[in-house]
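Colleague: Could you take a close look at one part of this model for me? I'd like to go through the ligand and its surroundings.

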Amino acid sequence: MIDRDVATPLLSDMIRVRLMEEKCAELYSAAKIRGFLHLYVGEEAVAAGSLRALEAEDAVVATYRDHAHALLRGIPMTNIMAEMFGKQEGCSRGRGGSMHLFDARTRFYGGNAIVGGGLPLAVGLALADAQLGRSRVTACYFGEGAVAEGAFHESMNLAALWHLPVLFCCENNYYAMGTEIAHEQAQTDMTEKAASYRIPALAADGMDVLACRAAAEEGAYHVRSGGGPFFLEFRTYRFRPHSMFDPELYRSKEEVEHAKERDPIRAFTERCVAAGALSEDDVADIRAAAEDEVTGAVAYAEAGTWEPVDDLTRDVLTPAEALR
Ligand SMILES: Cc1ncc(C[n+]2csc(CCOP(=O)(O)OP(=O)(O)O)c2C)c(N)n1
């Protein structure tokens with residue numbers, strides 16, 4: 001059953017992410033945002049649904065496609081946008097950029113640019129929680145491309161062997177840059193990978209925010225109640241190119257247009273209105289609030305400051321200094 005209390009935050013989360021990222025694309029073209037930029041447009045239901053299943057004390061580890069996770073984990077949009085600009089008011093003090101959003105306060109451990117790089121980190125965070133006797137979940141997001149990495153298999157194995165509280169969240173958008181899943185994986189059902197490590201798994205429709213939330217609630221409950229790791233495969237689709245540099249020669253425009261017919265925001269909006277959970281005016285209010293938030297975030301980033309050159313070597317340590 002969808003009522004107003006269920007509909008409002010989920011729709012708002014997805015719209016905030018969508019509008020923030022569409023603005024980022026625009027700012028990238030205007031050279032206000034530089035470097036790499038990987039957008040999550042089309043995949044919003046996954047982060048919006050699944051992050052709602054977590055508690056404040058849980059940890060989140062994401063990939064370079066991390067804007068949604070950072071925002072919905074609670075990093076203010078102002079600090080995310082300032083980070084995109086490289087300003088020192090950014091959540092990583094302007095040193096990380098789009099791919100390295102980070103905030104220890106919300107237990108958001110990045111923003112990891114190396115494919116598969118977040119997985120061992122998540123296992124380490126979960127190991128610490130287990131050793132300290134804390135009942136917490138570490139949710140680790142990664143693409144299906146990461147499943148081809150050794151780090152994925154090592155992480156799954158150790159998490160299963162040591163019964164660690166990791167919620168593995170595979171965002172299967174069917175493409176790793178220009179490589180379609182069937183060209184790189186002998187087994188394309190990601191839940192089968194979990195079965196080989198005896199990790200229980202569920203697949204969810206990643207275009208349906210309620211399905212994502214329900215699957216994540218089941219997974220998080222299993223992990224939090226001491227059941228060991230759990231694996232979720234969210235079957236989703238990215239509507240935009242891999243990054244701002246991708247000419248997208250590996251898939252047809254028709255395929256992308258067809259996928260857009262299942263736009264998670266439009267689908268959920270229609271469902272909420274049809275169920276009487278939200279009115280058209282409510283939807284317009286949610287959108288207007290998100291637009292205001294984006295405008296405020298861009299103004300904050302524009303007014304932000306550059307780190308002084310004198311600070312160049314701050315936090316840069318030699319190995320000897322780091323060990324001291
Ligand atoms: C170890 C490593 N190899 C290659 C790359 C280059 N690279 C960046 S993104 C990407 C594709 C990853 O696809 P997937 O894991 O499915 O995530 P998606 O981008 O689809 O969200 C690759 C190969 C990298 N960053 N790290």
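Where does the ligand sit?

Modeller: Bear in mind that this is a predicted model. The ligand sits in the largest pocket, and 15 residues surround it there. Tyr 64, Arg 65, Gly 145, Asn 173 and Tyr 175 are the closest of them. Sort that shell by class and you get eight nonpolar residues, four polar ones and three charged ones.

A polar backbone atom of Gly 145 is 2.8 Å from an oxygen atom of the ligand. As for cover, the ligand on its own would expose 580 Å², and the protein buries 74% of that.

Take Phe 152 and Phe 231: their ring centres are 6.4 Å apart, inside the 6.5 Å limit for a pair. Their planes stand at 80°, and anything over 60 counts as edge-to-face, so that's what this pair is. Phe 152 belongs to helix H6 (residues 150–161) and Phe 231 to strand E7 (residues 230–235), so the pair ties together parts that are 79 residues apart in sequence.

Technical notes. Residues are numbered from 1 along each chain as its sequence is written. This is a predicted model: local features need pLDDT of at least 70, side-chain atom pairs count only at pLDDT 80 or more; totals for chains, interfaces and linings use all residues. Side-chain values use heavy atoms; hydrogens and water are left out. A residue is near a molecule or strand if one of its heavy atoms lies within 4 Å of it. A polar contact is a pair of N or O atoms within 3.5 Å; within protein, one must be able to donate a hydrogen and the other to accept it, and residues adjacent in sequence count only if both atoms are side-chain atoms. Accessible areas come from the Shrake-Rupley method with a 1.4 Å probe; for residues, only the protein chains shown count as cover. On a 1 Å grid over the protein atoms alone, a cavity is a set of points where a 1.4 Å probe fits but cannot get out, and a pocket is an open set with protein on both sides within 12 Å along at least five of seven lines; lining residues have an atom within 4 Å of a point. A molecule sits in a cavity or pocket if more than half of its atoms lie within 2 Å of its grid points. Ala, Val, Leu, Ile, Met, Phe, Trp, Tyr, Cys and Pro count as nonpolar, Asp, Glu, Lys and Arg as charged, and the others, Gly among them, as polar. Rings of Phe, Tyr and Trp (its six-membered ring) pair if their centres lie within 6.5 Å; planes under 30 degrees apart count as stacked, over 60 as edge-to-face and the rest as tilted. Helices (H or I, at least four residues) and strands (E, at least two) are DSSP runs, numbered from the N terminus.
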